[in-house]
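Here are my notes for a colleague who is meeting this structure for the first time. Please read them with the model open beside you.

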Amino acid sequence: MGERCGWCGTDPLYIAYHDDEWGVPERDARALYEKLVLDGFQAGLSWYTILRKRENFRAAFAGFDPDVIATWGEPEVTRLLADAGIVRHRGKIEAAITNARAWQQVEATYPGGFSAFVWSAVDGVPVQNLPADLSGVPATSPAGDELSKRLKKAGFRFCGPTIVYAFAQAVGLVNDHVLDCPAGARCRELA
């Protein structure tokens with residue numbers, strides 16, 4: 001087998017994320033909501049920053065339960081803005097609440113719920129890009145651009161094309177592990 005994708009470096013936390021999560025097809029609607037929100041928080045920052053704070057985010061955001069978060073208002077925004085364990089950005093915090101409400105609407109109205117809504121972007125089957133090296137990994141794709149538009153139309157925020165493509169890579173809609181990466185081979189087997 002080959003080498004891991006070079007972006008994960010040597011930090012054990014990042015290696016574990018790369019090896020065990022990134023690119024693994026995720027179909028749980030709550031987990032998809034969590035990842036979309038965290039990718040929104042990552043905008044302008046490194047994913048490693050979010051990954052190091054992920055457990056703090058989970059505690060602060062009620063385990064990313066959209067049904068709980070959808071009920072939140074200004075008191076919870078104020079509480080989260082004071083929480084040094086997360087990224088304290090009013091727009092991103094408010095977007096997490098807005099996105100929980102949008103998630104509920106999609107869950108209630110889209111056949112198959114939020115998971116089916118997300119996975120319809122790739123007709124339910126992960127795209128296998130198989131780049132030879134990191135230079136072959138795109139920042140966006142036509143399917144990601146379209147999913148971004150659909151999410152925005154459904155009321156989601158912080159879901160531009162670059163964020164949505166990073167989300168698509170993370171949750172396995174797209175397998176962008178480099179061709180010789182052992183984790184990429186495992187993701188292909190799960191497809």
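1. Gly160 sits in the loop between H8 and H9, helices being DSSP runs of H or I with at least four residues and strands runs of E with at least two, numbered from the N terminus. Not counting residues up to four places away in sequence, Gly160 touches Ser148 and Lys152, contact meaning heavy atoms within 4.5 Å.

2. On the origin of the values, this is a predicted model, in which local features need pLDDT of at least 70 and side-chain atom pairs count only at pLDDT 80 or more, while totals for chains, interfaces and linings use all residues. Residues are numbered from 1 along each chain as its sequence is written, and side-chain values use heavy atoms, with hydrogens and water left out.

3. Axes here are lines fitted to C-alpha atoms, for helices over the stretch in contact, and angles run from 0 to 180 degrees between N-to-C directions. The contact is made by Gly144, Asp145, Leu147, Ser148, Leu151 and Lys152 of H8 together with Pro161, Val164 and Phe167 of H9. These residues divide into five nonpolar, two polar and two charged, with Ala, Val, Leu, Ile, Met, Phe, Trp, Tyr, Cys and Pro counted as nonpolar, Asp, Glu, Lys and Arg as charged, and the others, Gly among them, as polar.

4. H9 has a further contact, with H2 (29–42): the axes of H2 and H9 come within 9 Å and cross at roughly 135°. At that angle H2 is oblique to H9. From H2 the contact draws on Leu32, Lys35, Leu36, Asp39 and Gly40, and from H9 on Ile163, Ala166, Phe167 and Ala170. By class, the residues of this contact of H2 with H9 are six nonpolar, one polar and two charged.

5. How much of H9 is covered? The helix is mostly covered, as seven of its 10 residues are buried, namely Ile163, Val164, Tyr165, Phe167, Ala168, Gln169 and Ala170. The buried residues of H9 pack against H1, H2, H7, H8 and strand S2 (174–175). Just after H9, Gly172 takes a positive phi of about 85°.

6. The largest nonpolar core has 48 residues, and those with the most contacts inside it are Phe61, Phe114 and Leu173; such a core is a set of buried Ala, Val, Leu, Ile, Met, Phe, Trp, Tyr and Cys residues joined through side-chain atoms within 4.5 Å. Among the helices that each supply at least two residues of this core are H1 (12–20), H6 (90–109), H8 and H9. Leaving aside its neighbours within four places in sequence, Leu173 is in contact with Val118, Trp119, Val122, Val125, Pro126, Val127, Leu147, Phe167 and Ala168.

7. Two backbone angles deserve a look, given that most residues other than glycine have a negative phi. Ala62 has a positive phi of about 50° although it is not a glycine; it lies in the loop between H3 and H4 (66–69) and is partly exposed, with a relative accessible area of 35%. Leu130, also not a glycine, has a positive phi near 50°; its place is the loop between strand S1 (127–128) and H8, and Leu130 is partly exposed at a relative accessible area of 34%.

8. Finally, a loop glycine and a helix can be checked by eye. Gly112, in the loop between H6 and H7, counts as exposed at 66% relative accessibility. In H10 (residues 182–190) the buried residues are Ala183, Gly184, Ala185 and Cys187, and the buried residues of H10 pack against H1 and S2.

Conventions: Buried < 20%, exposed > 50% of the residue type's maximum accessible area, 1.4 Å probe, protein only. Parallel < 35°, antiparallel > 145°, perpendicular 65-115°, else oblique.
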